[in-house]
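Visitor: I would like to learn how to read the packing in a model such as this one, feature by feature. Please give me the general idea each time, and then the case at hand.

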Amino acid sequence: MKIALCGLWHVHAPGYYKQAKQFSDVIGVWEENEQWRKDFCKENDLYEFNSFEELLESDADGVIVCTSTDIHADVIQKLANAGKDIFTEKVLTLTDEDCKATAEAIEKNGVRFVISLVHKYSAGLQTVKKIVDSGEIGTVNYLRFKNCHTGSSENWLPKHFYDLKQCGGGAMIDLGAHGMYITDWILGQPNKYTSVFTNASINEGANALNTDKVEDHAVTVMSYENGAIAVNETGFVSLGCPLSIEVGGDKGFVRFDSSNVIKNTLDTGKKAVEVEMEKALPSPLEQFLTGNVLEGCGIREALNLTHMMVEAYANRI
C-alpha cells in the first residue's frame, strides 16, 4: 500500500510516519509550512510534495492526515474526491456542518476512512467494555474518565497547540477527545452538557505561548435521559495522573487506572477483585495500513465526537 503523509502540524505525525514505514511504502509528504516540510523530508530522506495538488494527483492509495484541525474539512473532502483512503487525527472537524459535509464526501466516493480513536483498542479499555457489555455491573449510571499530561506545566507543547483558530480550543478538544469518544462508546450520546474550562498553568514559558488563552484545565459533565452521568476530566497541567476510567452501575463497578482493572459486583460477593485483562487490539493506524477497519473508528464515531465537542464548548460556565 502506498501512503502519503498530509501535514506535520500534529505532534503525532513523526510517530505515524515511523509506524507507516513498517507496513507500507511511504511515498512522500506535504505540509503547508515549507520549512517544516523541507526539514522533515531531509531528515527522513523522503519525497517532498511541493503542493497539496501534487499529493492529490499522486499514486498514493491512502493518506495520513495530520494537518491543523481547522483545515480538516477542506483537505479530507478533496482527498475523498480524489479517491484516496483516509486516516485522520481526531477530531474530524470543528463544526457539525463541516463534519456532515466531510462524511458525505467520504461516503459518496466509497473510500476507506479511519479516525484515530486509539484508546478503544487498549487492553484496559477492551476489558472495561467487555465487563460493561456483559451486564455484570447492571445498568450503567455513572462514568468518569480522566486523561491529563504536563504539556503546559512542563512547557513541551508547541505554540500552535494553543492556537484557537487552528485547534478550536485547548485541552478539551485535544486531549479531552479521548474521554468523549470513550463516553460515546460506553453510554452513547448525552442530551445535556456543562463544561468548566480554566487556565491553571503557572509555567511562564507555556503561558507566553498561550496568547489565545485556550483552556489548559477542563471538565465536561454530561447527563442522559435515563439519569446517567458522565464526567470527562482533562488538562495539560497534571503530573503523574494516570489515565483512568470508572464505570458504575446498579450491580457494581469496574475501574481501570492504566495498570490494572478492578471490578466489584454481585458476582464477586461485593468485593473488589483484579481482573485479567483482554489483549490489546491493533491500533486504528495499523488496521488502516494493513487494509482492515475495526468497528468503532469510522465516520459515525467521527460525527459523534465532533458533535460532543461542539456541545462541550457551547455549554461552558
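Visitor: What is the handedness of the crossing of α9 and α12?

Guide: A crossing is called left-handed if the near helix is turned anticlockwise from the far one by less than a right angle, and right-handed if clockwise; the crossing of α9 and α12 is right-handed. Helices (H or I, at least four residues) and strands (E, at least two) are DSSP runs, numbered from the N terminus. Two packed helices are described by the angle between their axes and the distance between the axes. Helix α9 (residues 177–187) and α12 pack at an angle of about 115°, with their axes 9 Å apart, where axes are lines fitted to C-alpha atoms, for helices over the stretch in contact, and angles run from 0 to 180 degrees between N-to-C directions. This is a predicted model, in which local features need pLDDT of at least 70 and side-chain atom pairs count only at pLDDT 80 or more, whereas totals for chains, interfaces and linings use all residues. Residues are numbered from 1 along each chain as its sequence is written, and side-chain values use heavy atoms, with hydrogens and water left out.

Visitor: Which residues of α9 and α12 meet?

Guide: With contact meaning heavy atoms within 4.5 Å, A177, M180, Y181, T183 and D184 in α9 meet N304, L305, M308, M309 and A312 in α12.

Visitor: Which residues touch the most other members of the largest nonpolar core?

Guide: In soluble globular proteins, nonpolar side chains tend to be buried together. A nonpolar core is here a set of buried Ala, Val, Leu, Ile, Met, Phe, Trp, Tyr and Cys residues joined through side-chain atoms within 4.5 Å, and buried means under 20% relative accessible area, exposed over 50%, partly exposed in between (1.4 Å probe, protein chains only). The largest core has 84 residues, of which I64, L79, I86, I186, I245, V247 and M309 touch the most other members. Helix α12 (residues 299–314) supplies the largest share of this core, seven residues. Apart from it lies another core, of 10 residues, among them Y162, A171, V214 and F236.

Visitor: In what order do the strands of the open sheet lie?

Guide: Two strands pair if DSSP finds at least two bridges between them. Five strands make up the open sheet, in the order β2-β1-β3-β4-β5, with parallel pairing; its edge strands, β2 (25–30) and β5 (113–115), each pair on one side only. From one strand to the next, the twist averages 20°. Helix α1 (residues 13–23) packs on the sheet, where it touches β1 (2–6), β2, β3 and β4, and its direction makes about 155° with that of β2. Between β3 (residues 62–65) and β4 (residues 85–88) there are four bridges, and I64 has F87 as its bridge partner in β4.

Visitor: Why is strand β9 largely enclosed by the rest of the structure?

Guide: Six of the seven residues of β9 (residues 229–235) are buried, so this strand is largely enclosed. Strand β6 (residues 140–148) pairs with β9 in the parallel sense over seven bridges, with L143 standing opposite A230, while β8 (residues 217–223) pairs with β9 in the antiparallel sense, over seven bridges, with T220 opposite N232. β8 and β9 form a hairpin with five residues between them, and in its turn G227 has a positive phi of about 95°.
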